[in-house]
Amino acid sequence: MSTIIERLALLRKEMKAAGLSAYIIPSSDAHLSEYTPDRFKSRAWISGFNGSAGTVVVTLDKAGLWTDSRYFLQAGEQLKDSSIELFKMGVPGVPTIEGFLAAELPAGAVVGADGACLSFAEADDTERKLAVYGIEYRLTQDLIERVWADRPALPDQPLFLHPEEYSGASAKERIEAVRGKLRAQGANATIITMIDELAWVFNVRGNDVSFNPVAVGFGYIGEKEAVIFVDPAKVPEEVRSYLMGNGVTLKGYTELDSFIAALPAEVRLLVDTKRITYHIYSLIPAHCRKIEGVSALTQLKAIKNGTEIACLRKVMARDGASLTRFFKWLEEALGRGETYTEYELGIRLNEFRAKDDKFYGDSFGTICGYLGNGAIVHYSAQEDTAATVRPEGVLLLDSGGQYVDGTTDITRTVALSAPSEELRTDYTLVLKGHIQLALVQYLEGTRGSQLDILARHALWQQGLNYGHGTGHGVGFFLNVHEGPQNIRMEVNPTPLELGMITSNEPGLYRSGKYGIRIENLVITELREETEFGRFFGFETVTLCYLDNQLVRKDFLTAEEIAWYDAYQERVYQTIAPLLSSDEAAWLRSKTLPL
């Protein structure tokens with residue numbers, strides 16, 4: 001931790017030279033990514049905390065990290081002896097970043113941040129809140145660049161094409177769909193900041209970010225032109241030819257600023273303030289009309305086409321077969337007296353998935369939490385500290401695969417020995433919430449926040465809860481987390497639309513004892529249309545058995561039992577043909593009716 005303290009000292013020296021009393025360091029990068037290339041991992045570099053969400057604030061004599069409940073335990077461990085205080089977001093009595101700064105700084109003080117790595121919406125909100133206290137917010141300085149001596153360069157891995165046989169549309173067709181969406185919102189152009197949107201619309205992928213098959217770049221789509229801003233050395237001839245053949249112009253990565261500054265007056269930009277950086281927003285000429293709304297690309301990308309959905313159903317069967325083989329191996333290995341660490345199990349699961357010829361890699365770092373480690377929501381097992389898994393207790397395994405024909409994300413909680421009644425009760429309460437969400441039928445226009453209670457109701461009735469969201473959007477051979485939809489308590493105005501892929505993952509965590517989470521992916525489907533409107537529901541597409549020995553049948557309604565037994569049978573019927581006879585027999589034993 002002396003290194004962290006030394007880095008903070010270097011930063012404070014630069015702060016004093018720049019006339020700053022505090023400096024804010026977010027998790028995001030110049031593309032507002034959740035998971036970033038190494039160059040942009042400034043918050044992790046300055047603090048030692050490497051979770052995917054969190055913000056560090058450094059004053060001349062104090063430092064703090066703000067993060068949510070998924071990372072309270074992890075952050076507590078990683079910040080030890082760093083001099084950085086943990087501020088638990090959402091906990092009563094914990095100040096906001098603005099509240100903390102108002103208490104620490106006098107009126108007239110200046111707070112800095114790199115506006116190239118903050119969304120306009122977030123930066124503008126902070127600026128307004130600090131202004132109430134007479135504090136200035138300056139967003140033009142990247143002080144990390146001055147103190148991070150060996151800061152990694154931008155990644156230089158080549159782009160590759162995502163075949164239309166999987167995407168279901170050409171880049172030209174997707175560009176035209178964006179133009180149609182822009183016209184419907186009164187706009188005629190948009191700037192592409194987020195790299196998963198860039199990858200989707202141009203049918204390109206890359207290797208610039210761990211687990212997410214995306215490449216660093218920007219984009220622009222106008223009435224008659226489509227431009228991708230990327231290092232030309234990263235574009236192989238095959239990709240260049242495809243893009244040009246689909247009406248796309250290539251420009252250098254650093255040419256975006258001058259391009260935006262030169263936009264003509266007739267341009268009417270659709271601007272999603274949550275998906276454009278403060279820096280890029282500030283470059284838009286005053287004569288260009290800005291129309292605020294949700295990104296046209298985000299809206300279109302979230303709704304999967306028929307080809308993508310058909311591919312995903314096949315991917316789920318293959319992924320389920322790999323998981324079946326893994327769990328069978330694990331049960332038998334533990335039965336033979338073999339032991340493996342959580343870290344080793346993550347590697348072994350990857351090896352089972354990698355036998356699929358369309359497998360690209362894990363869709364995120366596998367969360368393999370044994371006993372109390374399962375209560376750390378985003379636990380990351382490290383090779384030198386991982387717990388040894390034995391044939392006793394319970395294991396939480398949250399994992400996913402990137403395949404060229406789809407992305408998976410699944411969590412299973414399995415008993416490694418006879419479970420306690422407390423564990424079975426807790427598991428069944430989580431299961432009830434999962435099933436209620438899987439069964440729901442809802443009116444078109446319903447938002448995820450209106451459904452979230454279904455997953456929590458059984459838990460709340462027992463005074464229990466979980467601190468994370470219930471569901472997030474999932475990309476198609478793209479980021480495992482995407483918007484604009486979600487299922488969580490916080491209000492999100494985005495309705496759940498046909499073709500959206502969302503996770504269903506309620507949980508329960510008892511610190512030091514165990515964690516429980518049950519996660520399947522679901523597709524929004526049409527259930528029926530009546531005189532009162534169209535009613536939607538969820539098709540559960542993830543296919544992997546649920547652990548019968550953890551279920552208290554007496555806690556389930558007849559409807560819930562029917563759903564559970566039907567799901568288990570569908571898992572067997574779909575996956576068994578992909579397995580050997582021995583593997584199929586093992587799966588049969590795991591999918592018997594309750």
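Mentor: A residue is called buried when its relative accessible area is under 20%, exposed when it is over 50%, and partly exposed in between, with a 1.4 Å probe and protein chains only. The model is predicted, so local features need pLDDT of at least 70 and side-chain atom pairs pLDDT 80 or more, whereas totals for chains, interfaces and linings use all residues. Residues are numbered from 1 along each chain as its sequence is written, and side-chain values use heavy atoms, without hydrogens and water.

Trainee: Is M489 buried, partly exposed or exposed?

Mentor: M489 is located in the loop between β25 (482-487) and β26 (501-504); strands (E, at least two residues) and helices (H or I, at least four) are DSSP runs numbered from the N terminus. Its relative accessible area is 45%, so M489 is partly exposed.

Trainee: What area does the nonpolar surface patch with I453, W460 and M489 have?

Mentor: Patch members have over 30% relative accessible area and no salt bridge; nonpolar side chains (Val, Leu, Ile, Met, Phe, Trp, Tyr) are joined within 5 Å, like charges within 9 Å. Areas come from the Shrake-Rupley method with a 1.4 Å probe, and for residues only the protein chains shown count as cover. The patch made by I453, W460 and M489 covers about 280 Å².

Trainee: Which residues does T366 contact beyond its neighbours within four places in sequence?

Mentor: T366 sits in the loop between β16 (359-362) and β17 (367-370), and counts as buried because its relative accessibility is 17%. With contact taken as heavy atoms within 4.5 Å, and leaving aside neighbours within four places in sequence, the partners of T366 are G346, Y379, L397, D398 and S399.

Trainee: What distance separates the C-alpha atoms of A375 and Y509?

Mentor: A375 belongs to the loop between β17 and β18 (388-389), and at 9% relative accessible area it is buried. Its contacts outside four places in sequence include L73, Y509, R510 and G512. Although A375 and Y509 are 134 residues apart along the chain, their C-alpha atoms are separated by 4.7 Å.

Trainee: Which residue in the turn of the hairpin of β27 and β28 has a positive phi?

Mentor: β27 (residues 507-510) and β28 (residues 514-517) are antiparallel partners over 4 bridges; pairing requires at least two DSSP bridges. Within this pair, G507 stands opposite R517. The hairpin leaves 3 residues between its strands, and the turn residue with a phi of about 80° is G512.

Trainee: What is the handedness of the β-α-β unit made by β13, α12 and β14?

Mentor: Strands β13 (residues 268-271) and β14 (residues 289-292) run parallel and are joined by 4 bridges, with L270 opposite I291. A crossover is right-handed if, with the strands pointing away from the viewer, the path from the first strand over the helix to the second runs clockwise. With helix α12 (residues 278-283), the β13 to β14 unit is right-handed.

Trainee: Which helices hold E308 and R174?

Mentor: The side chains of E308 and R174 form a salt bridge at 3.1 Å, N to O, where the term denotes a Lys or Arg side-chain nitrogen within 4 Å of an Asp or Glu carboxyl oxygen. E308 is buried at 4%, and R174 is likewise buried at 4%. The pair ties together parts 134 residues apart in sequence, because E308 and R174 lie, respectively, in helix α14 (residues 306-335) and helix α8 (residues 171-184).

Trainee: How many residues apart are E331 and K590?

Mentor: E331 is partly exposed at 39%, while K590 is buried at 18%. Their salt bridge has its closest N and O atoms 2.7 Å apart. It links distant parts of the chain, E331 in helix α14 and K590 in helix α19 (residues 581-590), and the number of residues apart is 259.

Trainee: Which helix contains both R456 and D452?

Mentor: R456 and D452 form a salt bridge with closest N and O atoms 2.5 Å apart. R456 is buried at 2%, and D452 is buried at 2% as well. The two residues are 4 places apart, about one turn, in helix α17.
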